[in-house]
Each structure stands twice: as structure tokens, then as C-alpha cells.
Amino acid sequence: MAIPYAKLPSWAELGVMPAVNVIAGFVVAGIVVAFIGENPAKAMLILIDGALGSLNNIFYTLFYATSFVFTGLAVAVAFHAGLFNIGGEGQAYVGGLGVALVCLALDHYLPWWIVAPLAIVASALFGAAWAFIPGWLQAKRGSHIVITTIMFNFIASSMMVYLLVYWLKPLSAMGPSSRLFEAGGQIPQFSGMLKAMGVAAGSAPANLTLFLALAAAWGVWKLVWRTKFGYEMRTFGFSPTAATYAGISSVRITVLAMLISGGLAGMMAVNNMMGNVHKLDIDFVFGAGFVGIAVALMGRSHPVGVVLSALLFGVLYQGGAELSFSMPSISRDMILVIQALVILFAGALENLFRPLMYFIVPAPTPVKEAA
Amino acid sequence: MAEPAIELVGIDKRFGPVHANKDINLVVEDGTIHGIVGENGAGKSTLMSILYGFYHADKGEIKVAGKPVTIHTPNDAIAAGIGMVHQHFMLVENFTVLENVILGVEGGRLLKGGEDRARAQLKKLAEDYDLDVDPDALIEDLPVGLQQRVEILKALTRGAETLILDEPTGVLTPAEADHLFRILGQLKAQGKTIILITHKLREIMAITDRVSVMRRGEMVATLQTARTDPEEIAELMVGRRVLLEVDKGPAKPGAERLRVEGLTVVDEWGVARVDNVSFSVRDGEIVGIAGVSGNGQSELMEALSGIRKAKSGRIVLNGETIDPVHEADPAKMRQRGMGHVPEDRHHLGLVLPFEESENIILGYHRRDAYGKGFNLDPDLVRADARRMNEKFDVRPANEKLKTANFSGGNQQKIVLAREMDGEPAMLLVGQPTRGVDIGAIEFIHKQLIALRDRGKAVLLVSVELDEIRSLADRVLVMFAGRIVGEVPPETDEGDIGLLMAGVTQKEAAE
Amino acid sequence: MDLAIVYSILDSSVRLTAPILLACLGGLYSERSGVFDIGIEGKMLFSAFAAGAVAWHSGSAWLGLGAAVLVGIAFSLLHGYASITQRGNQIISGVAINFLAAGLTALLGKAWYGQGGKTPQLANEARFTSLTLPGADAVKDVPFLGPLYSGIVSGHSILVYVAFFAVPFTWWVLFRTRFGLRLRAVGENPAAVDTAGISVVWLRYAGVTICGVFAGLAGAYLAIAQSANFAPNMSAGTGFIALAALIFAKWNPVGALGATFLFGFLQALAIPLQGAQIPGLGWQVPVQAITASPYILTVILLAGFIGKAIPPKAGGVAYVKER
């Protein structure tokens, strides 16, 4: 058992292994479907058709994927600094407060293309602020960041409900949500743009925020692999002691990485609030913060991988919604199950299928022993 | 003559691509002290771990007292009367001595009976072998010498007839080591068999009856100690004639480069690890700090390099006064021209999952040469890595290879290349040749001497007294956080040993 | 303050402490063996679901409890397989189990019972109801001590007593038995255990299995003692709070009792505070502040106003033999 896992060639490491892990997740999910008494193959077809069967469905898929790119990048950035930020859910939630404040204040007076950049900045600042405290506590007091970020998810939820119920809800409204944003608080959707060009494309909420997500992915790549700060972050993530030796401040890295991570998570709010529901309500995050964990693990914390796995989860979310409509016994909780299985197989059991790979890959690169 | 205590026949073991033991045969006679020597990675520890049931051999047979035995787990080894004292003690630090002794041989589901029995056993062993230790002391409160004694007691209470000791003196003062050897002598006199794994030829010559030499996984010779000499053993170890002496001319010390005044460093519990230390290093000289591991050398280096905050004191570097209490900052120390080759390259000096070029810039990564402003340009980094690999003979010369895949010697060369490339005015070097093969040791020693001859100041910390004596121009001895003496490197090893054990020069003179 | 209110708060404290204490002790066995388990929360949820479902189908609280414990063990073994055998990341494995629990219990609950994920309401016979300890009625009128015994000590479900009894029992196991000695050793220095000829893997599996039993008890308590059915996400962070309490307790069973009782007490204190006016300000305490209070408290405690907590040295790290 003392043999270190020999490194696979990068095509296997980055391409085949994640695929194998995802397939394993789907197989187990299929067993659950069969256990409930439905046909897994049929369910799979409905899911794929629901996600990709029409332009409308594809736009829905892209809409979800946009959110997951943000939350996936958030988790990935923190991973590079050796931090496990489970607080994306809460940070996105609080980011929504930033979006709401900007939109509610300005949507009457300014066009969306002025409001949106301000709202983006606000969402990032609010999300970052919510991530700051766990980051600071980890850096300065050594509080376990996993537990504090989980606690901050719970606290964010209570705080946002409180703000919605007591402060942001218009008197006339029934449920706890803010008033609807006016045109100045709405980011154009692709469907609307196509409609203007005379193409019928339904009313799916995919919107221009998608490009912001792709830009963020590029930005994260640049940050992690092409800047001195990214180098310091990776050094700290692999070896905190070597970072200290190199004069890299653990406090600075931990706090900054969490700020960036929280900021990315917070930006998720722009997609759903300005691009879709046009208000602040209590469930606009819909678990996207947690999906980010699976997305980052499956994408091996690389922006390209994150974008691809965000797409896969977009398919799952949209297809899953269609599935629960066609097969009522498979509720949308199924998505959470698959998400958990992906985390399990791509994260905790990442070495499970590795030995299998040696049958496919000619010979493992010999690892020369560091004597 | 009696059957040999241990006989290994055709032992073969691979770890993946590494062939650690190649068809090893070994006979250890009953009631003798048998040395096994070899370089790092020669396969000594693997062989003994197989004998102790820690690993399975792929092929081969083990005989104990002439009878073939199957040893698959340490339990089998213990049952066959084999005990082992590991290089890194296998003790639970927050347990008492007694708890450690009974772990695994509790003698029942409840602890009470086993504890009482072990207490009595310990008392008897203390009388028989002069192995006294308080059974209720916590391991973490005991000095290393006593911790090692607990390991020996663990083996004896389990009924060991053959005792394997893996590099037992690495953490001991010469005096403690002598005490250990006396104990081993007593054990031998009582009929026990001892296998001593070491790379220190002095120990082999001092106490063993026979010695086996390993090289690159092979057993190359077994000799009667009385009929051989260190040169012969060293040649067998390395496979060619080696220069044990380092070739260097006299130092030409220049101006004072570093002055340390009243430096005190405390650990997280407030215990002084470096206690009011003052000394200076001049240009063109190597000052060696000798001492048994754990006497404050690591903390001293960390405080000087800015990794660790000091409690009080002053550092003067290049004539500039630095407050080590408030201004501890490794980045600033580098800017001031202080290079640092750390003792523990795996934890401090290198990021093992990084590709080699990324380690070539560790600590120097903020330089504009590697990218303007915030940017970092991998092409510039790799180009610089190629240059340094050539200059310092790093093999393989592949800057894109993962650092973990380099051998220990080449990893150390990477660190050395990085820290020496900028011609630092002052270089801190800790354990430069730990875990490094003999070929690389020669190279590293030459580089350090050359740096000195170019007029740079070097502060060298090593627990290898031979290394200190052959490299340093002045030797400071550290004990319990203090500098207890300064001696010329030619000083007799025994005298330095006394200082390392805390006997001051004045006391020694009396 | 009215003594009756004090008694009532203490009584609720005991009830609210029980599930945290059970989860905390479970975590103690696992972490003492060197396996961190952030998935206790999920295991509690799985067990609560199993307890609620089986108790309803069988009409027996004991069968519900048995199912809860088995399910707790099953997911502990999954965590053990990932962290011990596969040497995977223990935090990630725990997170996966938490999500799996949240998803699967709701999915199956909705598919089978169609009540928004809840299991059907249980009759009292299928639950663990309050026990009246012998003599509780007799001493009720004795001043001071009477209500203390009859009101606070007596009148809880059997699982509460199991939880509190588990504290001295765990202490005895850890510090007086061979198993405890080995368990403590393997969390500190697995190599020492290995060279002493004891299986590190077996001990760690034993640790996580016991953790599963406790998580099962805690889950069963939520569904079939404290409530009368399972509801989605009913664990509501109890497992995480238990882990925080474990740190606060410095991995000691007696400390665990103190730490979890502190959480239980503060939660009990929050009940009468709901809707109460803050004196002098005329403000009402918002419900949300009360809901958030245990989580805020956890953060404050973790922020280290508790002195230095040193976890088992080998915790969180898979054991690999060194060459």
C-alpha cells in the first residue's frame, strides 16, 4: 500500500477520470430511480431532452450554468489557497442584498447598462464581506473555516429573511420578497433579443450575465496561473510552511482568497435577480452555492473544467425540472442526490477508479523516489 | 556454535518501480551486535521493516534460531522474539510511559491488570539493565534519550531476544549515545542479539562484532569489524573511493556581516528555545553551529531568516539594525541579501507538487524579472530555471518536471541554486546534506566553500559533527538554547561532544 | 425570576441537549480514532428518516430506532471506506454525505409518502414518549429538590437518559479499557499502533462505526422522540453544532456534556425570548435572531475564546505506512 499513485497522463487525469467519476454518480442515481420504481433509461432521456431538446430548454440550461460558473469558480479559487469554502450559498444570498439595494435605488432613474455594472460591484462586495469574517477568523483565530462558513450560511438565511420581512417587503406583498425591479434593474435575456430579431425562442432566462461568467472564468485562470498573487495562493494551498518561508503572509492570502471567493459567489445573484426574477426573494440562490462544490471538484478547480461541469449541472437542473414534471415521483431533490454523488466520486473517492485506468493507459510514469 | 539468531534468505522487495531490496542474504549470529550500514536509500530500513513484519517481502525466507518463520505483521515478529526501535519513535506523545509500554499487549479487555503487571516488569528491567524511567511520566515531557529508552523497554517487555535499532544515535548527544552503547553491551552480555542500522562508521567501529554493507538495494559485503577499517566500509558503501575530508584553504575573514545580540526566541508555550544568544559572522568565513538536534538551532535559523518572531534581541545585518521582535519578515530579509537553505526542504524549502521552475522562484517570485507588476510570466520563470539547472547541475535538467520526482540530492541542489544564485551577502544553511547521497554531498560542500572563498558570509547548522568540523572555520556549540562555547574546528571530537552535552568549557577543564 | 420558569428552561435544556450530546459523543469516537466527520449532520438526517419511516410502517419505536442505528452505521462505513480505505479527503466525503442525506431523504419521502417529504405522523405507541421515573410523583411537593427531580430529571424519553448515561460510559471506555487506549493512540500516532501489531484500519473502522451508532440514536431522537415524524432538513445544523461543541470540549466526554448542555441551555433560553420585548428599547426580539443564535454562538466559540484546543494529532489524515 505504500506505492504512491503514479500520475496518469494529463488527458486521462483531466478528461477521463472526471468522466468516469460522473458516470459512476449517474449509475448510482439510476439505481435510486429504479428503486423508486421508474425506468432510469427513460428518465435519462427525459432529462436530456428537457435540458437540450429545444432552444428554450437550452437557454434554461445556460441560465443555470451561468450561476454555477460563479459558484464553482468561488469554490475553486478557495481550493487553490487550500481553503474549503462551503459558504457560497450564504455569500450568494448576501450578494443578492447588494444587487437589490442598487437596483431598488436606481432602477427608476438609470438604464440597465449603468445599473448592472454597479450591481455587479455591489454583489461582489457584499458576497466578499460575508466571506471576510470566516476568512479572517480562520487566519487570525484558527477557527475551522468549514464549520464557520456552514454557520454563516445559516446566519445569512436568518438575516435575509429578517431583512425581507421587516425592511424590504412592500406592504402590499404577500410573500417575503422585494418589489419588482423596473427596466433599469433588468439585464436583457437572449430570448428577448432573439424575439426582437424575429426568432421565436420562448422566454427562458439566460441573459448577458453569461458573458460575465465566462469573463470571470478567464479572470480566475489569469489570477491563479499568471499573477504573483496566484502563485502565492497556490504555494500557500500546497504548503503553508513553505509559504511562510517564502515570506508569504498566511493572513493576507487567506483573507484575500476568501474575499475573491465570496465576491465570485456573490456575483451569482446578478444572474438570477437582474436576469430572471427581477426581485430579491428568499429562494433565489436555489442551492447554487452548494452546487459550486461539486462543480469545482469535478472541474478539478480549473476554470475550463469549472465551465464544463457548470454546463453539466445546468443540464441536470433544467432536465431535472422537466423530469420531475414528467415523473412526479422523481422530485427535484434528485439533483441534490446526483450532486452529492458527484462530490463523493470526484472528490472523496477520486482514487477509486484510478487502478482501472492502468488497464487503459499503457504504463504509469515511473515515480522516481525522493530518497 | 548455536544457530544464527536471524537468517534472511533471498529477500526481494519492490515498491512500484523502485527495487528496494535485491535478493538479500544476511546471517546474524546469536548474541552479537551486528551493524548494517549503507547510504540513504540503500534499502537498510526496508530490509529491517520486512524483518519486523511492517512490509511483506515479495520473495525470500526468514529464519529465526534456525527455524523458518512467517512474519506478516509486527505481531508475528514480536511472537518470534524480534523487537524494533524505530528511527522516529513509535510513541504516543500524550500517553504515559506505562500506557505506551502496554499498548498492544494490554493482556485483557480492561487496563488495570496489564498496567500493574507492566509496572512490575519495568521495575525488574530497571534493575537488570540500568534502564530506569518513571512509568507515570508523559512521553512529551521526557528528553529524547529517555524516550528512546522507553522504546527499548517496549521491546524488552514484549520478550524480544533480537533488538533492531534504526539510526538510534541521530537524536542523541555523544554522551547519551555512549550510554546507549553501554546498555547495548549489557543486553549483549545477557545473550540478546542486536542489529544496529546506522550510517555512522564511528559507531560501527566502536561496538559492532560484524558489519554488513548495503548499496542500492544490494548486500555487498559482511565483514568482521575487527578486521576492517572505515575507509574500506566507506568504499563499499559508495562503490568507489571517496574523500572523507573536504578540500579547503584557510579562511580570509573580512568585515563583520552579521551580528546577533541577545537574541531570545520562545515557543508557543513561552519556553525559551533560543536563550540570549550573541555571536557574529564575518565575510569570507563559515561559522558552524554544532549541537544535538532540538537544542534551539532550528528556532535560531527561523528567527534570523524572519520566519519566526523573536522575544527580544537585535540583529545587525550589513550594518543595518533589525528588530527581530517586530520586523520579522522573510521577504525583507531576502531583499537585504540573506539567503536561507532551510533544514527541512520538504516542508519549508520546496513545494513538492510544483513543477521545478516554480520552486526556483520561491521567495524571489516578486521580482520584476519574472513579470511586470502583478503579472507572472511562466516563460521567463522557466528560462531562468533552465539557466540555474545548468549552473548547479540539477538532474534531470527538466524544469517542467514535478519537484517531488527529483531525488533528495537534486531537490537540495534546487534549493541551493535558488538561494545562492543572487550571490547573497549572507547565507543561512541548515542541514545541507540531510537525506542527500554522497555524490551530491561533495558537490554541495564544494559550492559552500566556493561561496566563502568569494568573500560571502555563511552560517551553517548541522547535527553531523563531521560536516561542521570539515566545513566551518569557527564552531559554536549550542545546548539548551544557549551558545555554550566557541572552538576551532580542529578541536577533538570528544571535547566538542562534551559541550554538546551541556558541559561547559570551564567545567570540562576541571 | 419565577422559579417555575427556571425549571421549565432547565427541563427544555435537557431535551435540547440530548441530540447534540449524542452527535457530539459520536464525533468523539470518530475523531479520537483520527477520522474527522463533518457528515454527522447527514447521518442524523438519514437516521431520522429511517426511524420515522420504519416506526410508522411497523408501529414500533424500537424497530425505528434499530433502523436508524443501522442506517447510521451504513453511512459511517461509507465515510470510513472513503477516508480510511480509499484515503480520500475526509471533509469532502462528509460534505457529500450531508448533501446525499438532504437529497435522498426528501426524494424518498416525497416519492413514498407524498406529504412534502415528511413521514406520516406517528401514534404515541410508535414513539419514545416521556418516562416518569420512580418516585417522581411522590417527591413533587418537596420544596426545591422535588420539582428538580420530578420536573427536570424525570419526564424524558429513554433516549435522553441514554445520551446522558453515555457520557460516563464513554469516559470509562476511553480511559479504562484496552479498546479506549488503542482508540486514543490511533488518533494520535497511528504508526505507533501499527508497529505495536494492532490494525490501524480496524480501529478506525470501529471508531466510525460507533460514531454511526450515536448518529443513529441522535437521528431517531429527532424523529421519534422529540417529534412525531420525520421532516426534511429536521437536523437543522445540530450535527455541525455538535462538532463545534466537540472542539469546545477538547475531545473529552465530560467536556462534551458541558459544551452541549451550554448549547442546549441557550436554545432553551431562546424559547421564552421569542416575541419578548427588550427592556428599555421597546423592541421585539425578531424570531430570526433567535433562530440564528445557536449558529452565531458556534462561530463565537470557534473563534477561540475558549483557550487552545488541540485536536487528535493524526486527525483528518489517512494513514500511509512510511518506508
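Start by selecting domain 1 and domain 2 of chain A: between them they bury about 1,500 Å², 72% of it on carbon and sulfur atoms. Buried area here is the accessible area (1.4 Å probe) that two parts lose on being put together, summed over both. You are looking at a predicted model, where local features need pLDDT of at least 70 and side-chain atom pairs count only at pLDDT 80 or more, while totals for chains, interfaces and linings use all residues. To find your way, residues are numbered from 1 along each chain as its sequence is written, chains are lettered from A in the order in which they are written, and side-chain values use heavy atoms, with hydrogens and water left out.

**Stop 1: the two domains of chain A**

Where they are in contact (heavy atoms within 4.5 Å), domain 1 of chain A contributes 19 residues and domain 2 of chain A contributes 16 residues.

**Stop 2: chain A meets chain C**

Next, bring chain C into view. The contact takes 45 residues from chain A and 45 residues from chain C. Together, chain A and chain C bury about 3,900 Å², with 78% of it on carbon and sulfur atoms.

Which side chains meet in a salt bridge here? Select C:Lys110 and A:Asp333, whose side chains come to 2.8 Å, N to O. The count between chain A and chain C is one salt bridge.

Then colour the elements on the side of chain A that touches chain C: α1 (10–36), α5 (112–141), α6 (145–168), α12 (288–298) and α14 (333–348) of chain A each give two or more residues. Helices (H or I, at least four residues) are DSSP runs, numbered from the N terminus.

Finally, colour by class: the side of chain A that touches chain C has 33 nonpolar, nine polar and three charged residues. Ala, Val, Leu, Ile, Met, Phe, Trp, Tyr, Cys and Pro count as nonpolar, Asp, Glu, Lys and Arg as charged, and the others, Gly among them, as polar.

Conventions:
Salt bridge = Lys/Arg side-chain N within 4 Å of Asp/Glu carboxyl O.
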